[in-house]
Structure formats: structure tokens, C-alpha cells
Amino acid sequence: MEREKWGTKLGFMLAAMGSAVGLGNIWRFSFVAGNNGGGAFLILYLLFVILIAVPLLLTEVSIGRKAQSDVVGSYKKLAPGTPWFLTGFFGVLSAFLILGFYSVVAGWSIYYFTNYITGNFATQPAGGYEGAFGMFISDSWQPLFWVALFMALTIFIVVSGVKKGIEAANKIFMPILAILLIFLAFYSISLEGASEGLRFLFSPDWSAFSEPSIYIAALGQAFFSLSLGMGAMLTYGSYLSKEHKLPGATMGIGLMDSFFAIISGIVIFPAVFAFGIDPSSGPPLVFITLPSIFEQLPFGGIVGLVFFFALVLAALSSSVSILEVPTAYFMRVFNWSRRFTSVLMGAIMFALGIIVSLGFGIWSGVTPIGDNGILDSMDYVASNILLPLGGLTMALFVGWYFTKQQALEATDFTGSAIGNVWYIIIKFVAPILIILIFLNALGFI
Ligand code: TRP
């Protein structure tokens with residue numbers, strides 16, 4: 001069977017942006033920034049996006065495009081007879097871990113959307129938004145229904161191939177999400193007490209830099225937000241043909257992704273302070289702040305409805321790219337159909353999702369890593385360890401296994417001055433930085 005392909009380069013760009021822009025920009029960015037001191041975190045995050053993530057994004061996509069295979073197969077093809085392919089398994093593993101918790105948060109988003117349809121959340125529910133949210137996520141059964149629905153939608157899109165479903169939906173809903181966020185940002189800035197939130201986000205507390213955990217948190221967020229280091233972008237790159245030029249496309253994806261993160265920070269933090277919410281309240285943060293903003297807006301019920309709808313779509317276009325990683329791999333290895341493979345993979349991820357969801361209820365006392373609950377622990381291992389490790393090995397692969405000429409050719413950089421800068425970054429700068437950040441997180445420096 002012939003390998004699937006994107007319709008156009010724009011189709012690839014949209015799918016890659018759809019993968020990058022998701023819950024990571026709104027939900028994850030705001031609670032990780034909130035936990036790590038705001039402004040100082042933002043600076044580090046942006047620094048790592050420019051210095052590490054965007055150059056690595058180009059690297060990752062180019063591996064897939066060159067090899068025309070999945071995350072394990074690509075290494076086997078480009079480096080036959082070597083153990084490089086083993087690094088691909090980290091990607092497959094992180095796909096399970098990440099979609100395991102991502103689907104839970106996406107399920108919460110669908111639940112919010114339905115509450116705006118029925119008008120339930122147009123006004124404060126009994127116990128306020130914080131109380132209502134806490135009640136909902138700690139229930140054993142109710143959240144699972146929404147997780148299952150979200151996984152089913154993800155599987156449906158992956159089964160039908162990415163081109164018609166997700167590409168088309170993204171074309172409409174990404175712009176809507178952007179417009180809504182910008183509109184909400186202006187509103188949020190106008191709230192009484194907003195300046196405190198803006199200060200939190202934009203004027204760094206320099207002492208936060210002495211906190212070791214901030215470096216690994218910013219690195220993990222850069223990887224997570226750009227869908228980097230797992231092989232999702234590699235797999236998407238493998239559906240590209242050679243005639244499309246990569247460097248501009250990857251820059252665009254990086255810019256767009258950071259734009260969404262910053263705008264959602266401008267929406268969330270002024271509201272966090274204006275409504276007296278603790279910025280370090282963790283994963284529930286946006287689910288408490290956003291409804292509080294919407295409630296104060298004229299026609300807020302409708303704004304909330306459109307917003308959560310767009311958020312669910314953004315989450316879907318991301319989850320599809322995660323499910324595609326193990327799907328592409330297992331389809332090839334076992335010669336299974338796309339339908340069977342994606343249903344099986346999705347079912348395993350849903351099983352993980354059950355564990356994550358119960359971590360907010362009957363298993364809320366379970367703390368696998370430090371005092372982190374189940375979701376936070378899985379997120380920590382996947383985002384802060386496995387993704388940067390995956391990125392590190394990709395950089396080493398292209399920087400050291402390829403010749404310079406091969407590396408430049410794979411990225412359409414032959415004869416380009418920026419190409420030399422990129423090459424130095426992925427050969428030396430990015431690997432050294434990632435290793436330093438790891439050593440720092442481990443307490444060695
Ligand atoms: N980047 C997405 C977001 O911000 C999540 C995501 C999609 C992802 N594909 C990925 C994260 C691959 C890590 C690896 O919501």
C-alpha cells in the first residue's frame with residue numbers, strides 16, 4: 001500500500017500547528033507558569049523555544065521526511081544495523097503517557113462545553129466554579145464518560161485519515177480560537193486588579209531563577225507545547241514529500257505556538273489575580289478562572305460555549321497527532337489495519353486515562369513522584385524527561401550520525417548561512433543545554 005501524504009504544504013502546516021496548539025498552550029502553560037513564578041518562567045520558556053525547540057522541530061520533521069517512516073522505522077531506515085531505533089521507543093512510550101492524561105483534561109473541556117450548552121455555567125453554580133469543578137473531577141464515573149467520548153473522537157479522526165477531518169476543522173477553528181483569545185485578553189486586562197496579573201506574567205521575579213525546578217519546567221513546557229521529542233512531528237513529516245521547504249514552515253509553527261501561549265497567559269493571569277485565585281493551584285487553574293471571566297461578560301454564556309468548543313477542537317487536533325505515533329508504528333510492524341490499530345491504541349490510552357481520572361477522586365492520595373498526584377507524575381516523566389531525551393537523541397542523530405552535508409540537505413539548508421547556525425545549535429548548543437538542565441534537575445549543578 002502506498003504511504004499516505006498531505007494534500008498540500010499548507011495542509012501539513014495546519015496539521016502541525018494543530019498538533020502544537022492545544023491544551024498545552026492554555027491549560028498547561030498557565031498552571032506551569034503559575035507554579036514557577038510567572039515572569040521568570042516565561043523568559044526561560046521563550047529562550048528555550050528559540051534556542052532549542054524551534055531548531056529541534058526542524059530536525060525532527062526532517063528525519064521523518066527523509067525516512068518516510070514512523071518514529072522507530074525512521075531510525076532503522078536511516079541508520080540500519082545500529083541501536084538508534086531504540087530511541088524511537090521512548091516516543092511510543094511517551095505517546096501513551098501523554099494521551100493518558102491529555103484525554104482526561106480534554107474530557108473536562110467537553111464537559112464544560114456541554115455545561116455552556118445547557119446554560120448551567122452561565123451563572124455561578126452552587127459552591128462556585130471552584131467547588132463545582134472539584135466535585136466533578138473527584139467523581140469516579142462522570143469524568144470517564146467524557147474521556148471516553150474524547151478518545152472516541154480522536155480515534156474516529158485517526159481512522160478516517162487526517163486530511164479531510166482535522167485539516168478542514170482546524171482551518172475554521174484555529175482562527176476562531178485566536179480571535180476569542182485576543183478578545184478575552186483585552187477584557188481580562190480591563191478587569192480591576194489586572195495589573196497585578198500582568199506584572200506576575202511579564203515582570204520577572206529574578207530570585208525565581210535560583211529555583212532549579214524552573215529550568216526543567218520551562219524546557220518540558222517548550223517540548224510539550226511544540227509537540228516535540230515524541231515523534232509526532234517526525235511522523236507528520238513522514239507524510240511530506242521532498243518538494244516542500246521546511247525551515248520557514250517550522251519557524252511559523254514555533255511563532256504561532258508561542259503566540260497562543262502568551263495570549264492565553266494575558267487572559268488567565270489578570271483574571272487569576274482579579275478573582276483572588278491562587279496562581280499555583282495547578283491543573284484546575286483554567287477551569288476555575290475562565291468561567292469566572294465569562295460569567296462577568298455580557299453574553300458570557302455564549303462566549304464560554306464558543307471558547308470551550310474551540311478548546312476541544314484544539315485538543316483534538318493535538319491528540320490526533322499523539323495517537324498517530326503508536327498507530328503508525330504498530331500498523332507497519334504488525335501489518336494491522338489503521339482502524340484496528342488506532343482502536344487498540346486508543347483503548348490502552350483510555351485505560352490509562354481511567355487511572356489518571358481516579359487520581360482526582362478515590363486515588364487522590366496516590367503520589368508516585370514526590371508529592372505529585374497521578375496526572376502530575378505522568379506529566380512530569382513524559383514532558384520533563386522523555387520528551388527532552390527524545391529531542392536530545394534527535395539532535396545527536398542529525399548532528400553527529402549524519403554528515404554535515406546530509407544534515408543540511410535533509411533540512412533544505414544547503415548553502416544557507418542560517419543553516420550553519422542551525423547546525424551548530426543542534427550539534428552542540430541544544431544537546432549541551434539539555435544535558436545541563438538534566439544535571440541541574442538531578443541536583444548535580
Ligand atoms: N502540543 C500539544 C499541546 O500543546 C500537545 C501535543 C500534541 C504533544 N502532540 C504532542 C505533546 C507530542 C508532546 C508530544 O497541547
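Predicted model: local features only at pLDDT ≥ 70, side-chain atom pairs only at ≥ 80, totals over all residues.
Residues are numbered from 1 along each chain as its sequence is written, and side-chain values use heavy atoms, with hydrogens and water left out.

**Ligand shell**

I looked up what surrounds the ligand and got 17 residues, the closest being Ala-20, Gly-24, Tyr-102, Phe-224 and Ser-227. By class I have nine nonpolar, eight polar and no charged residues in this shell (Ala, Val, Leu, Ile, Met, Phe, Trp, Tyr, Cys and Pro are nonpolar, Asp, Glu, Lys and Arg charged, the others, Gly among them, polar).

**Polar contacts**

Next I went through pairs of N or O atoms within 3.5 Å. A backbone N or O atom of Phe-224 is 2.8 Å from a ligand nitrogen. For Ser-225, a backbone N or O atom lies 3.1 Å from a nitrogen of the ligand. Ser-321 uses its side chain: a polar atom there is 3.1 Å from a ligand nitrogen. I then checked cover: the protein takes 100% of the 360 Å² of accessible area that the ligand has on its own (Shrake-Rupley, 1.4 Å probe).

**Cavities**

I searched the whole structure and found three cavities of 30 Å³ or more. A cavity here is a set of points, on a 1 Å grid over the protein atoms alone, where a 1.4 Å probe fits but cannot get out; lining residues have an atom within 4 Å of a point. The largest cavity comes to about 140 Å³, the volume being the space filled by probe spheres set on points joined across faces, edges and corners. It has 18 lining residues, and closest to its centre are Ser-19, Ile-98, Phe-224, Ser-227 and Ile-322. Helices H1, H2, H5, H10 and H14 each give two or more residues to this lining (helices are DSSP runs of H or I, at least four residues, numbered from the N terminus). The lining splits into eleven nonpolar, seven polar and no charged residues. The ligand sits in this largest cavity, meaning more than half of its atoms lie within 2 Å of the grid points.

Gln-68, not a glycine, has a positive phi of about 55°; I place Gln-68 in the loop between H3 (39-67) and H4 (71-78).

Conventions. Near = heavy atom within 4 Å. Polar contact = N/O pair within 3.5 Å; in protein donor to acceptor, adjacent residues only side chain to side chain. 1 Å grid on protein atoms, 1.4 Å probe; cavity = no way out; pocket = protein on both sides within 12 Å on 5 of 7 lines; lining within 4 Å.
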